[in-house]
Amino acid sequence: MKKAFGELIEKIKKYNPNSNFELIESAYNVAKKYHEGQVRLSGEPFLNHPIEVAKILADLELNSKTIAAGLMHDVIEDTDADYNEIKELFGEEIADMVEGVSKLSKLALDTRKEQQVENLRKMLMAMSKDIRVIIIKLSDRLHNMRTLAHVSREKQIEKATETMEIYAPISHRLGMSAFKWELEDLSFRYLYPEEYRNLVTQIAVKRKEREKYIDDIIVEIKENLKEKNIEGIIDGRVKHLYSIYSKMKRQNTTIEQIFDMFAVRIIVDNIKDCYAALGMVHEMFRPVPGRFKDYIAMPKPNMYQSLHTTLVGKQGHPFEVQIRTHDMHRIAEYGIAAHWKYKQGISRADDIENKLAWLRQMIEWQKDTADVDEFYDNLKIDLFDDEVFVFSPKGDVINLPAGSTPIDFAYSIHSAIGNKMTGAKINGKMVPISYVLENGDIVEIITLSSSKGPSRDWLKIVKSTQAKNKIRQYFKKEHRDENIEKGREMIEHELKRQGLSFQELFKPEYYEDMLKRYNFKTLDDALGAVGYSGITSNKIISKLKEAYRKANPDDPALKDKELQQKDKAAPVTTTDERGIIVRGINNCLVTIGKCCNPVPGDDIIGYITRGRGVTIHRRDCVNVINDPKFKEREIDVRWAEKTSADYQSEIVIKAHDRNNLLNEITNVLHDSSISLTSVEGKANKEGYAIIKLQMGILNKDQLSTVIKRLKRLSGVIDINRSNRKAGKR
């Protein structure tokens, strides 16, 4: 290990010979002491991992304190060391970084998903105070991904999925493209190993031919730059594997049909030379219409600046050219980390504050989200690569998630504008509020002071987390008493179904932990959240039952009541071999509600119909939510532990209308071994395709997986499960 640490020191000396090497060595000794005897799955000493993480930080040319925190980043999480000890030895700044990267390993949570979400919450809060926390975490994740071959296949898939969904997008939002590309390629390797190997082989076959093609272009550009007296560095690079794979899937093409796998990069001294070089290459080669982007005049939110243009070479093959200055190139590669180079330290603190405004907004929007799945899904939307850039009537640029509507735009300006919105104009023309915004649209919001406020249906239309949360906040505030009453009623109904009472469970000694766990200040806040669908009644009840059992370990009362309730439900019967168990009725006819098509894994409810037995619905079905008679005719139903039948499920896809879209959708279903029962599609006047698919599904997990794969297709805006109003019963 001494040799590896020596390599780290030499790396630091190259960019900053005046570093605090005494501090760095002290951190190394603390890490060595606490990780003594620990071994990684590869068999190597655990200490090698923090040294490699510190080397990655040194590649970013970060300062001594950040390197020290990187060396100790695992001591609080994986050893007996605690925050106070690190603080006493190294000060609060370094201790905060180490603590910020550490997982909440000692927190008792119900599921792995809850553990993951709480760790993400903690990390986001820490990085909002000191961005170096996430830079260390990304370096940690990068080295773990580089050494992922030594863990189980299950762990590989878990880590690669989390990296692709969370850490690669965080790298993108921070402008750290070098990290993003490598994290995506490593995730791609473990998530789709066969596709990865095939792509590597295919690229190698014609690599020399393509490299010669791009080398000839580089030589020609160099000669012309020299003639124009423009100093510049020119190189060609292969686009990273995952981006090539995504493009092949998106465009349904083969590797032979993709010629812009190589990008030519021109790095010059100043902005004036950027535009001069752009004019020069446009004179040399024919530009492809609509493929020029000026990120210098309009930088991306992650600080990225460059000129992008796609040109057609002499052989008729397209290639991309990126033109930027040396400073822009450093920012493009390392993003926010470039601001923390040892030479700059925190002297540009105000600038960094501005660059991280999106992060603080995101944390603000997420802090009231108690539901684990909702938090994770919203986080993925907030971090997702695809964005749309639109203009206000005054010319201000507003960036929103792809698929956003005028409602999202209104709430991005101000809550009051969103709440009073009655319509919208795009480029001077009236449009529906469900209109999907496109790059360059000029958006004008029409408001009315006498407006009754937003509709709950807007929650199904909006895309951004910001808009969803502001709409929920409106209903939370304006209809507080109504929400509390509704939430209490829903909880009491569920407790009655379980054979329990509100009075015995809802006592301060039982609900205080629940309030703290879900960030509620009072019990009324929790009841209100259930009322406005901020959290489910079952999650509240589950926490209370858990608290009751901990406080009364020898009291069998709760368990006896649950058992009694199960006894009351007998006899039970499983019908039609579909794995649906109806409690309390023998030999009844069971039908699946065609309005919502539940599948195993869905939370379901039974409804006693006149002459047609029991109809099964998803608990979130519009007919369950809107029909008060459901409560009168409700019967307890559940899925059997094992089901083997195919269940019909219908989804509705909204996408930009384009060639090969339907073909790509059916290919995804075929690759997922899903049988397509029927397909119905139409294109509307706005140029969007609405496609309804009915298919045979084994369970909710399979459905979620195929929806996730379909969302990756180019042009897909939104996918929802069908949920229609039924006729009279």
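Visitor: Is Arg330 buried, partly exposed or exposed?

Guide: Buried means under 20% relative accessible area, exposed over 50%, and partly exposed in between (1.4 Å probe, protein chains only). At 23% relative accessibility, Arg330 counts as partly exposed. This is a predicted model, in which local features need pLDDT of at least 70, side-chain atom pairs count only at pLDDT 80 or more, and totals for chains, interfaces and linings use all residues. Residues are numbered from 1 along each chain as its sequence is written, and side-chain values use heavy atoms, with hydrogens and water left out.

Visitor: With which residue does Arg330 meet in a salt bridge?

Guide: Side chains of opposite charge can pair when their charged atoms come close. A salt bridge here is a side-chain nitrogen of Lys or Arg within 4 Å of a carboxyl oxygen of Asp or Glu. Arg330 pairs with Asp327 at 3.2 Å, N to O. The two residues are separated by about one helical turn, because they lie three residues apart in helix H16 (residues 326-334). Helices are DSSP runs (H or I, at least four residues), numbered from the N terminus.

Visitor: How many salt bridges does the structure hold?

Guide: The structure holds 18 salt bridges. One of them joins Arg141 to Glu162, with the closest N and O atoms 2.8 Å apart. This pair links distant parts of the chain, 21 residues apart: Arg141 belongs to helix H9 (residues 132-146) and Glu162 to helix H10 (residues 153-173). Arg141 is buried at 4% relative accessibility, and Glu162 is buried at 11%.
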